[in-house]
Each structure stands twice: as structure tokens, then as C-alpha cells.
Amino acid sequence: MSGILNSSIGRKFAMALSAFFLMIFLLQHFAINLLSVFSADTFNEVSHFMGTFWVIQYLMQPVLIFGVIFHFVMGFVLEIKNNKARNISYAKNNGAANSTWMSRNMIWSGAAILAFMGLHFYDFWFPEINTKYIVGDMSGQLANGEFRYFEELQHKFVDLWRVVLYVIAFVFLALHLLHGFSSAFQSVGANNKYTKGLKGFGKAYAIIIPLGFIFIALFHHLNH
Amino acid sequence: MNLTLKIWRQKDSKAKGQMVDYKVTDISEHMSFLEMMDVLNEQLVNSGEEPVAFDHDCREGICGMCSMYINGEAHGPDRGVTTCQLHMRMFNDGDTITIEPFRAAAFPVIKDLVVDRMAFERIQQAGGYISVNTSGNTQDANSIPISKHAADEAMDAATCIGCGACVASCKNSSAMLFVGAKVSQYALLPQGQVEAVDRVKNMVAQMDLEGFGNCTNTGACEVECPKGISLENIARMNREYLSATLKG
């Protein structure tokens, strides 16, 4: 593994693999969150399953954490290496003439998503880990015996400032995905007759998923 | 037309360069960009100043020598052309044109607008060839059947003139379009298969050694390439490299 990471193509490939994994995770995360709009009970049951099933908790969760850390650490490493590859900047550079803003600013959209993840972990992941593995309460229930997941979700979106921050973060997520989706396929060598269709699907994914997350945040803010 | 030129002047590879302003007058819109540079240099020589050093050879868009970054784009604002094929009709009377050398740590400036692109040569030497016995018993090329599609794709890749516009345009100074084209032109043909594994591994290793950046698929290289080399060549190189790595 470390051998292939020493080459530029190997690093691209590893970045793409972690991106695929994160995009699949994002889809799954979105699907479960969307349940909260339609049925609080179903959302509670699925959340409890995801939060207590050992395969998810002890196998998938560490892989996810590794994938997230790997993706952003490698992103910063590549950015530093790439900056070194041009020791003198152009006095005049017309980047917009040949590439999209999204493709040229992946590091900034990525950094914004990383900052958002700090807030997201503070809001949901750290309290969850504390309740389950430090306090030791695996019941997933409130004092009144009802599941706590839907209640906690709605409570988080009471504050308007938090909703605004989430919306901004999802806009950056959309910008990141608008380039990242098709870029990941190119990095693994997939550029063929399906590329045009794949790019269209990627654009739809990059817009629909973040828009869906924004809808869910607004829905709970307006219906708490 | 009358123009103001902002040109990077650098005495030698060790000197610190700077942008210097020049005025040129009565430039015909039918001139090529290099002919406009010739007019400027005549002006400079006549006034006892050092002419601007720039690379050029064929002036037909084939040699890939004329490496200038004009108004923020490799080979200027036109598409599918080298600097020698860029005409002054692309500019307007009174314009200010910024002219810089191709910028990359792997392409050090030798003087003014001339950069050292030997890094490309070293990448080619690492594997951009096929070993053919030419001692008199060479097989006739036409005796090896090649599909029209493969021949066309290989020829498209082989049209890369190694000018370096891909490196200059890429925000990461990546050379992957150049190396992708050179790997592809052999990977697509039966003659290239024998050395395919070593070729891609050695060329990519040399590319990394030269200090080029990592491709992030912005596609700027494809847009600015004077020969229209496609990003498909980078994808093919990626596949070839990953496959070669798995084979050991």
C-alpha cells in the first residue's frame, strides 16, 4: 500500500477509492435522514439499528473514520506537493478559460466541508459516542421510554444559526461533488463511452443529495 | 495596431526576473505572434537593448518549441494552436498583453521566455519507445494487423508535440497529459505490448522524479493542448499503471 502511495497515479487512485466510499456513505446517510421527514418511528428504528449493530459500529464505523481522515489528509498532502511543483506563480493566469471554479478550488470546498464536520461531530457523533460507550447506555431511549434519535435530531435544528451553517456547508458539498464525482472515475481510469452519461449522473448526484440534506434541515427547523 | 507588452525578462537561470513593459506600434493583424515578437526584438536591437529570448523553430505548429504563456493561457487565447500559429487578429488595438515563460519547477527558466524542457526528454528516455531490431531483417509493419480504430487512437495520441502547454496550464504543473499520450500511443498498438509494463512504470517514476505535480482532473491541459490530446489518454495511463503495478 505504501509503495503505490509513493507514485502520483497511486495517490490519485487512493483518493478516488476513498471518494467512492464516502459518496456511497453519503447516499446511505441521506436515505436514513430522509426517513425522518416521513416517519419518526421508522427513523428511530433504523437509527437504533445503525447505532447498535456490531457490524456497523465495530467494522464499518472505523473504516468510515479511516476513509474520512485519509481523504482529507491526502488532499492536503497533494495540495502541498502541487504547490511545490510551481515555484513561481504567473503574473496573469486565466484559469476560468480552461477549467471550472469547482475543479480549481477542491481544497477550499474540502476545507469548508471539514470545518462543517467538526460542527456535525460536535452536534451528533460525540454525544452519541458519549452516551453509548462512556455512559454505557445502549438502550437508545429517553427517560420516558421512547426512542431518543428523532427527538435529538429535531432539537438540533431549532436554532436558525445552525441551520444556516448546515445550508452553507451543503452548498460547499455540492461544489465539491460537482467536480469530485466524475474526477474519481477518471482517476481510476474510467473514461469511455459511458463518461458523458456518468458526468450527467454525477451532476445530478452532486445537486440532489446536498439539496436533500438542506431540505431535511429546513424541514425540522420549521416543524419542531 | 499599437500594443503594450508586459514581458518576463530574466538574464539567466540564476538571475531574479521581472516583468518589463514595452510598446510596439504598427503591428499588422495578419502577423503571427512570433512575428510581432520579431518586430519588438528589431526595435530593441536598433536601440541597443538586449532582445527578448524566446524559443521557436518550425513556425508551423509542429516542433512544439514556442512556449509562451500569453494573457494567462499557454499559447494564448486561441484554441488548437501553438504560439507561432496565434495571429495578432486575436487582439485589439491598444491591448496590454502579458507574456510569461511556462511556469513549473520542472521547467526552469533558462533566459527570458526560454525554459528547459529536458524533463520531457528524460521521461521519454525512461520508456517512450519500442525496441526494434533494425539490423536489416525488420518485419514489414503492414504484416501486423491493426484495427482502424486502434490505429486512429494511437495516431491521435502520437500527435503530441511535447510543447509543455499541459504542464503550463495545469494548476498543479502536472505532466500527465504528455505522459498519458506517450504511454497511449504504444499501449494501443501490438508493437508496444512487449514492453508495456516496464514502460508505464518507468515513465511515471521519471515523471514523479522530475517534480511535476499530481493531476486533479481539472481538464485545463486538454483545453489548452494545441493538438487536442484527450483526457482519455490520462485515464488509459492510469489503467496501464495500475495493471502494471498489480502484475509486479
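This is a predicted model: local features need pLDDT of at least 70, side-chain atom pairs count only at pLDDT 80 or more; totals for chains, interfaces and linings use all residues.

Student: Which residue of β2(B) is the bridge partner of Trp8(B)?
Tutor: The partner is Met19(B). The strands concerned, β1 (residues 3-9) and β2 (residues 18-24) of chain B, are joined by 7 bridges in the antiparallel sense.

Student: In what sense do β1(B) and β5 of chain B pair?
Tutor: They pair in the parallel sense, with 4 bridges between β1(B) and residues 96-100, which form β5 of chain B. There, Thr4(B) has Thr96(B) as its bridge partner.

Student: Changing topic: how many helices and strands does chain A have?
Tutor: Chain A has 8 helices and 0 strands. Its C-alpha atoms fill a box of roughly 65 × 40 × 35 Å along the principal axes.

Student: What percentage of chain A counts as buried?
Tutor: Of its 224 residues, 27% count as buried. As for contacts in chain A between residues at least 6 apart in sequence, 79% join residues at least 24 apart.

Student: And how many residues of chain A are in contact with chain B?
Tutor: On the chain A side there are 34, in contact with 38 residues of chain B. The elements giving two or more residues to that side of chain A are α1 (8-38), α3 (54-84), α4 (101-104) and α7 (160-187).

Student: Which of them gives the most?
Tutor: α1(A) does, with 5 residues. By type, the side of chain A that touches chain B has 12 nonpolar, 15 polar and 7 charged residues.

Definitions and conventions
Residues are numbered from 1 along each chain as its sequence is written. Chains are lettered from A and ligands numbered from 1 in the order in which they are written. A residue is buried if 20 or more other C-beta atoms lie within 10 Å of its own, exposed if 12 or fewer, and partly exposed in between; C-beta atoms are placed from the backbone. Two residues are in contact if their C-beta atoms, placed from the backbone, lie within 7 Å. Ala, Val, Leu, Ile, Met, Phe, Trp, Tyr, Cys and Pro count as nonpolar, Asp, Glu, Lys and Arg as charged, and the others, Gly among them, as polar. Two strands pair if DSSP finds at least two bridges between them.
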